[in-house]
Amino acid sequence: MSDAPLILLVEDEPAIATMVRYNLQKHGFRVDEAVDGAEALARIAEERPDLVLLDWMLPAMSGLEVCRQIRRSAATRDLPVIMLTARAEDADAVRALNTGADDYVTKPFGVEALLARIRALLRRAAPPVPHRGGPGRAG
Ligand code: CA
């Protein structure tokens with residue numbers, strides 16, 4: 001199934017990356033992986049995924065900064081992003097969403113909850129036709 005949705009998983013913790021990849025593939029998704037922000041941005045430039053699962057706590061560049069850069073580029077402004085956060089504090093969720101993440105899940109998360117959010121976001125995502133006009137996003 002080469003037209004299965006491609007998920008880019010950005011996660012530096014091998015155990016979590018393995019668990020998420022296994023479950024996504026089991027449910028019919030294709031999975032690409034990156035272990036830090038620079039690699040994530042490079043992979044996105046090489047092959048645009050349908051959705052990015054982005055860990056907040058990454059070495060060097062934080063997930064928030066990666067998200068900011070994704071939103072800054074016209075090519076990836078509409079790319080669905082789900083942040084993986086380690087803390088359940090509301091302030092973190094607000095920061096993630098303010099930075100441009102479409103959704104977030106708090107670790108430790110259940111696979112079913114993660115899959116539900118991925119599917120919801122992919123359903124919401126606009127078909128890949130370029131659209132112009134409308135108010136631009138500030139920042
Ligand atoms: Ca991490």
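**View 1. Helices α2 and α3 cross with right-handed geometry.** The model shown is predicted. Helix α2 covers residues 37-46, and helix α3 covers residues 63-72. Their axes come within 10 Å. The crossing angle is roughly 25°. Angles under 35 degrees count as roughly parallel, so α2 and α3 are roughly parallel to each other.

**View 2. Residues of α2 meet residues of α3.** From α2, the contact residues are G37, A40, L41 and I44. From α3, they are V66, Q69 and I70. By class, this contact has five nonpolar residues and two polar ones. No charged residues take part.

**View 3. Five strands form an open sheet.** The strand order is β2-β1-β3-β4-β5. Pairing is parallel. Strands β2 (30-34) and β5 (103-106) are the edge strands. Each of these two pairs on one side only. Neighbouring strands of the sheet are turned by 20° against each other on average, direction ignored.

**View 4. Strand β1 is joined to strand β3 inside the sheet order.** Strand β1 spans residues 6-10, and strand β3 spans residues 51-55. The two strands run parallel. Four bridges join them.

Definitions and conventions: Residues numbered from 1 in each chain as written. Predicted model: local features only at pLDDT ≥ 70, side-chain atom pairs only at ≥ 80, totals over all residues. Heavy atoms only, no water. Pairing = 2+ DSSP bridges. Axes fitted to C-alpha atoms, helices over the stretch in contact; angles between N-to-C directions. Parallel < 35°, antiparallel > 145°, perpendicular 65-115°, else oblique. Left-handed = near helix turned anticlockwise from the far one by under 90°. Contact = heavy atoms within 4.5 Å. Nonpolar A, V, L, I, M, F, W, Y, C, P; charged D, E, K, R; others polar.
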